[in-house]
Amino acid sequence: MRGKEGNNLSGKHRIIFHLDMNSFYASVEQAHDPSLKGKAIAIAGNPKERRGILVTCSYEARARGVYTTMSVWEAKRKCPELILLPPNFERYRIASKAMFEILRSYTNLVEPVSIDEGYMDVSEVDMENDAVSFAKSIQERIIRELDLPSSIGIAPNKFLAKTASNIKKPMGITVLRKRQVKEILWPLPVIDMHGIGESTARKLESIGIKSIGDLANANPNLLKEKLGKNGVRLLNRANGTDNRAVDPESIYDTKSVGNSTTLPYDESNIEELEKVFIRLSKKVATRLDAKNLAGRSITIHIRDANWKNKTRSKTVTNRLYKEQEINQLALDLFHASWNGDPIRLLGVTVNNVYDKGESVEQLSIFNFEEHAKDEPILKLVEQLQGKFGEDSIKRGMKIKKKPSLESKTSFSKDFLDDHID
């Protein structure tokens, strides 16, 4: 029952599914070890240390007041019988790949967006029954073959489908039509809207926008002034408008490469914090090298002992991929913004990444000597291009991306390598 290759972009009759696996890591562990079913379990980065923050937990644990991002000690206090497990990322990757293979057996128009969720455009699929029955058959097949629960949102666009899949969990199937937006979404606070985080919600509240309905009816110019292009985009989403196609090719797009770590103890020793930045910068540089990427900006992430989050960014002139440069920029940003409070988490991200083989580096007084040795090569390239044409030879070449050896988690997009032939 494979769908046609064409994608219906008219928006008039699109049928988009958003499939979200329920409590994915915990569910995979329960499927792997059936004795864990019906029990309160949680996956923690390091169950033996305070840095052990819960990555996810089963619905049995949630019923006892346990939730994702809760610390291990607090979770055990609320639920003494909680079973703590370390993450097994390879097991989760295998399950994820199997789940997406099931989705692709119905249509090629499948867009993975994280290890445990993705979109399907089933507009052209020849369904035997209605969309809800079709979604139920997919849901039941994933249970039958993988023993994993999921929720599916059904809507005419990606935003509404994503919103719908969150309405009923676990094992929910929800239809959300555009005409229902005013009734269902508008009364909700803006923080409940997909695509809006705490920072954006605060900015919106500062201009009197507290509900999704307020956002839907806001002045577009005011939103653009406050949030840029994203403000207008959010206005459209609040009105149920989203023209994005389900794009299987998006798995080839990497927009950022980053790494973060929760510290074993709240740390205020600058030498120890600088050591953390060295480790993070090395990991980011290694991943950039593995993918043959460079970036145009850097962001550091800081979370203090009171769970207050802060980010600082800087755009650079030349391509950014070397460990020393990443570390120095990260440290400069940190020293300029840190007030001495104890730190709980640090992160480093290189943004706006692109293939190094397609980049041109700006010469400056800091790097001209490095490039001077290339002058004879550049002259030779120009001579050959003059004789045989500009496309006859190009400086630099694309190198096949090397598989990353860094940890694979749902917080990075490395899992998407599994979907690339």
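These notebook entries record what I looked up in the structure above.

**Basis.** I worked from a predicted model, in which local features need pLDDT of at least 70 and side-chain atom pairs count only at pLDDT 80 or more, while totals for chains, interfaces and linings use all residues. Residues are numbered from 1 along each chain as its sequence is written, and side-chain values use heavy atoms, with hydrogens and water left out.

**Entry 1: the sheet.** I looked up helices (H or I, at least four residues) and strands (E, at least two) as DSSP runs, numbered from the N terminus. Two strands are taken to pair if DSSP finds at least two bridges between them. I found an open sheet of 3 strands in the order E3-E2-E4, with mixed pairing. Strand E3 (54-57) and strand E4 (83-85) stand at the edges with a single partner strand each, so one side of each has no neighbour in the sheet. The twist averages 30° from one strand to the next; axes are lines fitted to C-alpha atoms, for helices over the stretch in contact, and angles run from 0 to 180 degrees between N-to-C directions. Strand E2 (residues 41-44) runs antiparallel to E3 and is joined to it by 3 bridges. I noted leucine 54 in E3 as the bridge partner of alanine 44.

**Entry 2: helix H1.** Helix H1 (residues 24-32) packs on this sheet and touches E2, E3 and E4, its direction making about 120° with that of E2. Contact here means heavy atoms within 4.5 Å. I then checked burial (buried is under 20% relative accessible area, exposed over 50%, partly exposed in between, with a 1.4 Å probe and protein chains only). Of the 9 residues of H1, 7 are buried, so the helix is largely enclosed by the rest of the structure. I listed the buried residues as Phe24, Tyr25, Ala26, Ser27, Val28, Glu29 and Gln30. Their cover includes strand E1 (16-21), E2, E3, helix H2 (59-62), E4 and helix H4 (89-104).

**Entry 3: cysteines.** I searched for disulfides (a pair of cysteine sulfur atoms within 2.5 Å) and the structure holds 0. For cysteine 57, the nearest cysteine sulfur is that of cysteine 79, 9.4 Å away. Cysteine 57 counts as buried because its relative accessibility is 0%. Cysteine 79 also counts as buried, at 0% relative accessibility.

**Entry 4: alanine 135.** I located alanine 135 in helix H5 (residues 131-146). Alanine 135 counts as buried, at 0% relative accessibility. Not counting residues up to four places away in sequence, alanine 135 touches Phe17, Ile152, Ile154 and Ile173. From alanine 135 to isoleucine 154 I noted 19 residues in sequence and 8.2 Å in space, C-alpha to C-alpha.

Entry 5: Serine 281 lies in helix H12 (residues 270-290) and is buried, with a relative accessible area of 0%. Leaving aside neighbours within four places in sequence, serine 281 is in contact with Glu323, Ile326 and Asn327. Its side chain reaches the backbone nitrogen of asparagine 327 at 3.4 Å.

I next looked up helix H13 (residues 323-337), which has 15 residues and reaches 21 Å from its first C-alpha to its last, close to the 21 Å expected at 1.5 Å a residue. The expected span is 1.5 Å times one less than the number of residues. The buried residues of H13 are Ile326, Asn327, Leu329, Ala330, Leu331, Leu333, Phe334 and Ser337. What covers them includes H12, strand E10 (293-304), strand E11 (309-320) and strand E12 (343-351).

Conventions:
Polar contact = N/O pair within 3.5 Å; in protein donor to acceptor, adjacent residues only side chain to side chain.
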